[in-house]
Amino acid sequence: MFSETIMAPSTDSNVKEDNSQVTYKKDINTKRILILKNQKHANDIFDVIEYLQSENVKEIIFATDACRRVFCQLFDRGDLYVGDLPEEEGLMSGDRSAEEKYRIFMRHRYNNCVELLLENISHEAYQVKEASLCALMKFVAAEGKHPLQNLDLNEHYSFPRELLRTLMERLLSTKEDMSLLISRFQEFLEKDDVRFYVMSSVRVNISRVMDRNKKAVIPVYQNNVFALLSTINVPSHGPKIQNFLVKQAYKPEEWKAAKVQEHKRAFGEMWLLFLKYKLPSSMYKKILVILHESIMPQMSDPTLLIDFLSAAYDIGGAISLLALNGLFILIHKHNLDYPDFYKKLYSLLDPSIFHVKYRARFFHLVNIFLSSTHLPAYLVAAFVKRFARLSLTAPPTALLILLPFICNLIRRHPSCRVLIHRPSAAEEPCDDPYVMEEKDPVQCHALESSLWEIRTLQKHYHPDVAKAALKINEPLTEEEEDITELLELSTFELMERELKAERKTIPLEFDTATELLKSPREVLGAHFSLE
């Protein structure tokens, strides 16, 4: 029976460096067994918990596992106090039973253990971080099954939200990169209820941290948040919402965590709040790369991303190119009206588009945006002419995309054929009316110009480019050229293709040279002259 004489923690610790007689494993295991075997050994829990602060990594990991096993078993037995926890100081003089005092005592030790495990989430050794994370998630499951607080009359569903919230605070550190541990946490996000309450906890955490820092950029913290958010995937069908860490007895189908629409709502609110604040410039690219495939399809209302996409589209450079994907989905699938969209798209066309990593994606999207036959001729002509002008300084890999791309645009819009067949351009040199510096395609006078740039490229040093440019001299067929294979073409692949191409062997000399730059006949003549 639990006696009052052993309630106070021992002042002499059994964890000593010079204790060579008993190994730490034997010491921890012995105490763990005694704690669970008899309540009179309850004080031994102090020694087990103390190992969590050891300087030895192996001792911490072993003690973490021991604490997990002890407290999970105490949960199952019902040996932890349920309700508002009384202060430990006045426990001795109270009129509570020995059994109740034991439960209160062990509940306090459980709280001590959780605090130390949360501290160890920031430990320098990854093995300690991982062990602490796994133990805490075991406690989340145990608290969910055996709640430590009495449920309110209006709350029928138990889930240890507070423990999960404090765990999220440690994972989303503002000082340390936690991406590796967050990737380990991804396993627990497969549980539908964990994922639902993580999304709620993250939303609260983002708001608190960013507002506290006056909405300034916090690179380490925002990278941790992005690492966590990018691992969250919401099920798309109702029957899939049934994989719970904590099983609910009362009408589980009415639980918010069991509804797909609630998951999508929480997912959208979480991302929108994260994107509301200023981000590091490198993170814009990371987000925009996955936005159209991993974020928008999982949101209940993707049109709410218009503010973020518009801001990203206005930044310029590669970020604007990447924002095109999201805007394309909103315009084509959600009937979004974006003012001056083509004007902005036209302004993105500069020499840098040939050298960015996302070149293939950009040309693919521009091809889609200019595919409508209802676009005015002056607009298409402006894009054709700008591409033609840019081609004068473009690398061969880009030219092999540009030339058939320009031909395809002219095929779709026959009114632009005047750019090829303008008589004055072929007869005598004249000033080009096209204004390259004009950002408005309406005012650039492209339709009054000609494609003299393509004629220039017919004398390009690369034979494939010259051959592609010569096609504009022939009548264009109605069928468009497929440029999908060319979009990913690299300089290395172009060189490899040239090196592997079959060529005829051309004899350069009748007699094989035996000396450097001399034929046998020249060597023989030199010999006779010496004699």
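The chain has a mean pLDDT of 85, and 83% of its residues reach 70 or more; pLDDT is the predictor's confidence in each residue, from 0 to 100. Over residues 3-12 the pLDDT is below 50. Where pLDDT is low, the predicted coordinates should not be read in detail.

This is a predicted model, so local features need pLDDT of at least 70, side-chain atom pairs count only at pLDDT 80 or more, and totals for chains, interfaces and linings use all residues. Residues are numbered from 1 along each chain as its sequence is written, and side-chain values use heavy atoms, leaving out hydrogens and water.

Let's look at the rings. Rings of Phe, Tyr and Trp (its six-membered ring) pair if their centres lie within 6.5 Å; planes under 30 degrees apart count as stacked, over 60 as edge-to-face and the rest as tilted.

| Pair | Centre to centre | Angle between planes | Type |
|---|---|---|---|
| Phe46 and Phe105 | 5.7 Å | 65° | edge-to-face |
| Phe226 and Trp271 | 6.4 Å | 75° | edge-to-face |

Phe105 is buried (under 20% relative accessible area; exposed is over 50%, partly exposed in between, with a 1.4 Å probe and protein chains only). Its relative accessible area is 0%. Phe226 and Trp271 are both buried too. Ring pairs also link Phe159, Phe196, Tyr197, Phe244 and Trp255 into a cluster.

What about Asp440? Asp440 is buried but has no salt bridge (a side-chain nitrogen of Lys or Arg within 4 Å of a carboxyl oxygen of Asp or Glu). The nearest side chain of opposite charge, Lys343, is 4.5 Å away; Lys and Arg count as positive and Asp and Glu as negative, while His and the chain ends are not counted.

Key. Contact = heavy atoms within 4.5 Å.
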